[in-house]
Amino acid sequence: MLYKGNLSKFSPSRFSVAPMMDWTDRHCRVFHRHLTRRTLLYTEMLTTGAVIHGDRERLLGFDAIEHPVALQLGGSDPRELARAARIGEEFGYDEINLNVGCPSDRVKDGRFGACLMAEPELVARCVDVMKRAVAVPVTVKCRIGIDDQDPEMALDTLARAVVASGCDALIVHARKAWLNGLSPKENRDIPPLDYDRVYRLKRAMPDVPVIINGGIPDIDEAKAHLAHVDGVMLGRAAYQEPWRLLAVDHEIFGAPAPNATMQDALAAMMPYIEDQLARGTRLHAITRHFVGAFHAVPGARAFRRHLAEQGVKPGAGLDVLRDAIARIGARVPAEAAA
């Protein structure tokens with residue numbers, strides 16, 4: 001999420017890349033940071049059990065270049081969430097986010113994610129103990145409702161409960177989640193978007209930072225939303241078409257992008273990639289995030305094919321990436337890419 005001003009004060013406006021399970025890993029975030037300095041980046045959702053009992057360095061470790069970066073947690077036990085939040089703060093995360101919007105079966109079975117929309121008082125208790133545990137902002141990401149809930153009542157009830165507990169900002173995916181009847185994939189597309197519902201929440205709570213998420217395809221639409229809310233979160237558009245992020249700093253903040261072209265951004269990634277390869281990371285674990293790097297550019301298909309065929313081979317190194325970039329026909333500045 002891109003953010004103007006002091007992160008801890010949540011001044012509008014914000015722009016972020018949404019957390020996506022199995023997608024927004026540390027390599028993806030480093031890549032995105034080479035495309036935009038200002039965007040607030042999120043980790044994929046991590047359960048409290050994984051944070052408390054798992055390999056913390058593997059799960060929570062990140063490169064300093066990623067700042068500002070938020071840790072998203074999944075859980076419903078207030079004490080465990082407080083403990084996991086403290087661990088995240090100790091690792092240096094700039095924000096702790098509680099997920100109350102993920103509709104996957106695994107999340108539902110674990111009593112966290114979107115099913116918690118039905119338990120606003122519990123979510124409020126979780127926020128309260130997290131706020132007491134850390135000094136960094138604590139935020140909540142939710143849906144407008146689940147299943148047969150009335151979004152007018154469900155969203156207001158949850159929002160007022162968590163704000164009363166100290167929640168610093170609300171990130172609202174402007175769709176219902178149908179936990180009974182739709183798959184997680186279907187929940188990303190089938191429930192209709194209701195941006196006006198999120199706008200009404202902002203009007204009802206003018207002093208609370210409200211960030212909108214869901215189905216936002218590009219920077220122009222993001223700018224239109226900023227007339228109504230405090231921030232915008234992009235998910236699949238940012239991941240599948242990362243070239244769009246090259247325009248964010250200029251279009252939203254009036255500042256230059258950290259790299260003028262996608263080729264420059266990939267070149268700037270190479271020292272990081274070299275270090276990761278030396279640590280035993282396979283090239284494909286990093287370059288899989290580059291698939292959508294070029295849009296409507298001569299050689300883009302050859303770039304993707306070369307990475308797909310050569311990047312997965314044992315021992316693949318930077319020469320594979322260099323050869324893939326050489327297949328791009330022209331340097332593509334940010335304004336042209338967008």
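Visitor: Is Cys28 buried or exposed?
Guide: This is a predicted model. In the model, Cys28 has 0% relative accessibility, so Cys28 counts as buried.
Visitor: And which cysteine sulfur is closest to the sulfur of Cys28?
Guide: The one in Cys102, at 17 Å. That is too far for a bond, because a disulfide needs the two sulfur atoms within 2.5 Å.
Visitor: What about Cys126, buried or exposed?
Guide: Cys126 is buried, and its relative accessible area is 2%.
Visitor: Where is the closest cysteine sulfur to Cys126?
Guide: In Cys115, 11 Å away, which is again too far for a bond.
Visitor: How many disulfides are there in the whole structure?
Guide: Zero, from a search of the whole structure.
Visitor: New topic, helices. What is the angle between α6 and α7?
Guide: About 25°. Helix α6 covers residues 120–133, helix α7 covers residues 151–164, and their axes lie 8 Å apart.
Visitor: Why give both an angle and a distance?
Guide: Because two packed helices are described by the angle between their axes and by the distance between those axes.
Visitor: Parallel or antiparallel, then?
Guide: Roughly parallel, because the angle is under 35 degrees.
Visitor: Which hand is the crossing?
Guide: Right-handed, where α6 passes α7.
Visitor: Which residues make the contact?
Guide: From α6, Pro120, Val123, Ala124 and Val127. From α7, Thr157, Leu158, Ala161 and Val162.

How values were computed. Residues numbered from 1 in each chain as written. Predicted model: local features only at pLDDT ≥ 70, side-chain atom pairs only at ≥ 80, totals over all residues. Heavy atoms only, no water. Buried < 20%, exposed > 50% of the residue type's maximum accessible area, 1.4 Å probe, protein only. Axes fitted to C-alpha atoms, helices over the stretch in contact; angles between N-to-C directions. Helix = DSSP H or I, 4+ residues; strand = E, 2+ residues; numbered from the N terminus. Parallel < 35°, antiparallel > 145°, perpendicular 65-115°, else oblique. Left-handed = near helix turned anticlockwise from the far one by under 90°. Contact = heavy atoms within 4.5 Å.
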